[in-house]
Structure formats: structure tokens, C-alpha cells
Amino acid sequence: MKNWTSPVSFLCILFTAFCTAQEPKTEAFETNSANFLPIGNSLLSITEKTETHSLLLAALRASELDCLLAYDAQFTVFAPSNAAFNKLSDVTKKLLLNPDNKEKLKAIMSYHIIAGKISASTILRAMCRGNGEASFTTILGEKITATMKGIDIVLTDPKGNQAKIVTADSEQRNGVIHEIDSVFFPVNLF
């Protein structure tokens, strides 16, 4: 019988030396909890840092959907800019943020979020396969349809409300943000 203990011992020593020589990786970001991503690159943190999405952030916090965008999952957010919110009347904006309308606001904000990471190129490929049209299901369970208008991707909800993607593919650790120029209203506030 061959003496195999020397080569095995040598490999064990070599493996141990290799493992102990490695520097342990340290996390460069703070974390909220075990279920949350590092704060540095989440959809929520970039929304907090972007001045053009302060009204979106206020709506997400008022509807308690802000924690969803920090969670360890992939989402696509069609993010209305402040300019999109400012197209709404002052009365509508007040009604949106009224605590009595929290469930309606949650439905409206949920209409802007899709589970899964969908880039602009993925939307375009889906439109090519769908003869110029593609549908995506929001976390509210409703469909948003994407079409092309000239060189722009236009999103349409079942009520016929439309929003154009003005800035695409802001990739974050837990998803992607596409800035849109209008706010979808799948429910009536009044």
C-alpha cells in the first residue's frame, strides 16, 4: 500500500495556511438589520440623496413603503420627479399626504413599483417580442403597459394615464430606478 499520508498532510497544511492568510472582508456600509441591505446603495438611500425626488420620498414615507425599498430584494421603481408631482394641484398633493388617505396613497405609490430588476433594455426587448408593446405587473397587481413614442418609452396604466421615462437605469444594489414625468393614479382620491 502506498504511503498517502504525507501528501494529504501537506495539502491540509497548505490549505490551512491559505485560509488563515486571507484578510477577512469588512463591510464598508452600515446595515439596518440582517434582512436589510447595506444602507449605502439601496433604492431608498439614493432617493433620500436625490433632490429631485423629495416629494416621492415624502409620499413613500407617508405610505410606509420606504422600508420596502431598503429591503434585500430586487425592485424596479418608476420614480415621479418633483416636477411630476408639481403637475398635480396643491389640493391633490395635500390629499395625498393626508394620514386619512394612507391606504390610497399606498396604492398609488405601489403602482410605481415592480418586483424584479427591469432595465430599459429589458423593457425594449419585451416590446420587440410583443410587437411594440410590453406589460409589467406592479406590486399592487395591476398592469403597466410600455410602448414607444418616437424615441421615448411611454408607460400607460389601465385608466389611460401616461408617463414618459425621462431618465433610465439608475442601478442600485437592490434594483433600478427609472425617473418618469407623471404620477400614476390608479385610484380616486375623492
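The model is predicted, so local features need pLDDT of at least 70 and side-chain atom pairs count only at pLDDT 80 or more, while totals for chains, interfaces and linings use all residues. Residues are numbered from 1 along each chain as its sequence is written, and side-chain values use heavy atoms, with hydrogens and water left out. Helices (H or I, at least four residues) and strands (E, at least two) are DSSP runs numbered from the N terminus.

**Helix 3 and helix 6**

- Helix 3 (residues 54-62) packs with helix 6 (residues 102-110) at an angle of about 125°, their axes being 9 Å apart; axes are lines fitted to C-alpha atoms, for helices over the stretch in contact, and angles run from 0 to 180 degrees between N-to-C directions.
- The two helices are therefore oblique to each other, given that angles under 35 degrees count as roughly parallel, over 145 as roughly antiparallel, 65 to 115 as roughly perpendicular and the rest as oblique.
- On the helix 3 side, the contact (heavy atoms within 4.5 Å) is made by Leu 56, Ala 59, Leu 60 and Ala 62, and on the helix 6 side by Lys 102, Leu 105 and Met 109.
- By class, this contact has six nonpolar, no polar and one charged residues, where Ala, Val, Leu, Ile, Met, Phe, Trp, Tyr, Cys and Pro count as nonpolar, Asp, Glu, Lys and Arg as charged, and the others, Gly among them, as polar.

**Buried residues of helix 6**

- Leu 105, Ala 107, Ile 108, Met 109 and Ser 110 of helix 6 are buried, a term that means under 20% relative accessible area, with exposed being over 50% and partly exposed in between (1.4 Å probe, protein chains only).
- The buried residues of helix 6 pack against helix 3, helix 4 (82-86), helix 5 (90-97) and strand 2 (113-115).

**Thr 76**

- Thr 76, which lies in strand 1 (residues 75-80), is buried, with a relative accessible area of 0%.
- A polar atom of the Thr 76 side chain lies 2.6 Å from the backbone oxygen of Gly 116.
- Not counting residues up to four places away in sequence, Thr 76 touches His 112, Ile 113, Ile 114, Gly 116, Lys 117, Ile 118, Val 176 and His 178.

- Glu 64, in the loop between helix 3 and strand 1, has a positive phi near 60° and is partly exposed, with a relative accessible area of 45%.
- Asp 169, which lies in strand 6 (residues 162-172), has a positive phi of about 60° although it is not a glycine, and it is partly exposed at a relative accessible area of 32%.

Note on methods. Polar contact = N/O pair within 3.5 Å; in protein donor to acceptor, adjacent residues only side chain to side chain.
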